[in-house]
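My entries follow in the order of the look-ups.

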Amino acid sequence: MTPPATPGPLITRHAPIDRLFHWITALAVLLLLASAFLPILGLKFSWLPLHWITGVVLCAAVLFHLVRSSVFRRMRCMVFGPRDLRDLRERRRAAKYTLAQKLMHAVLGTAVLVAAVTGAIMLAKVDTPLWQRNPYLLDSSTWGVVYVLHGAAALLILTLTMTHIYFSLLPEKRAYLRAMLGGQMTREEAAQFHDPARWSGQRKDDPRENGK
């Protein structure tokens, strides 16, 4: 009987702080979508406190991510550009992030940012233990623009969230899901979609450093 194959050396794809941010954001987005759309579908509950408190948490997470990505990380590694299109045309493996991953990050990140900013503005219409509502902060036409942007962003986030969950559960993408759960993937899994010579990983876990 042939012994089961042992997994190859592991590399770190996502640091613990990145995974924590991802799952906090994911939970916040799911709670916000549920509290926004379930009442529309007829499920009645006290949705407003859950919605605005979760919204504040999401705003804090987005602000943390923006500061960390722009100051302490290389933001350009997640920004798509002409090089990604050349890789696609020449069928070369991507660096750390594929073009599809960069596009998903850009569109979903923009939608979440729009929802967070407009949601923060809409907090002026909510009475909370921390502040009194001020519905006259903006005029009626400006409030209309805020509502439209917030609703459109929410619908886009709902669509992209379902798409993201679907692809994360596909067998050929399970390595990415495991990496977001545990932080690591094997070198063989990374080399399937990524070029180890171009993916500078997390310092000592750089996939170019064979044998670690």
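I count a residue as buried when its relative accessible area is under 20%. The model is predicted.

Entry on His150. I found His150 in helix α5, which spans residues 140–168. Is His150 buried or exposed? Its relative accessible area is 17%, so I noted His150 as buried. I then listed what His150 touches, leaving out residues up to four places away in sequence: His51, Ala115, Thr118, Gly119 and Met122. For Ala115 I also have a distance: its backbone oxygen lies 3.2 Å from a polar atom of the His150 side chain.

Entry on α6. I looked up which residues of α6 are buried and got Ala175, Tyr176, Ala179 and Met180. Viewed down the axis of α6, these buried residues fall within an arc of 135 degrees, so they line one face of the helix. I recorded that they pack against α1, α4 (99–122), β2 (184–186) and α7 (187–193). Just after α6, I noted a positive phi of about 95 degrees at Gly183.

Entry on α1 and α6. At what angle do the axes of α1 (residues 16–37) and α6 (residues 174–182) cross? I read roughly 105 degrees, with the axes coming within 8 Å. That makes α1 roughly perpendicular to α6. On the α1 side I listed Arg19, His22 and Trp23 as making the contact, and on the α6 side Ala179, Met180, Leu181 and Gly182. By class, the residues of this contact are four nonpolar, two polar and one charged.

Conventions:
Residues are numbered from 1 along each chain as its sequence is written. This is a predicted model: local features need pLDDT of at least 70, side-chain atom pairs count only at pLDDT 80 or more; totals for chains, interfaces and linings use all residues. Side-chain values use heavy atoms; hydrogens and water are left out. Axes are lines fitted to C-alpha atoms, for helices over the stretch in contact, and angles run from 0 to 180 degrees between N-to-C directions. Helices (H or I, at least four residues) and strands (E, at least two) are DSSP runs, numbered from the N terminus. Angles under 35 degrees count as roughly parallel, over 145 as roughly antiparallel, 65 to 115 as roughly perpendicular and the rest as oblique. Contact means heavy atoms within 4.5 Å. Ala, Val, Leu, Ile, Met, Phe, Trp, Tyr, Cys and Pro count as nonpolar, Asp, Glu, Lys and Arg as charged, and the others, Gly among them, as polar. Buried means under 20% relative accessible area, exposed over 50%, partly exposed in between (1.4 Å probe, protein chains only). A polar contact is a pair of N or O atoms within 3.5 Å; within protein, one must be able to donate a hydrogen and the other to accept it, and residues adjacent in sequence count only if both atoms are side-chain atoms. The arc is that of the directions from the helix axis to the C-beta atoms.
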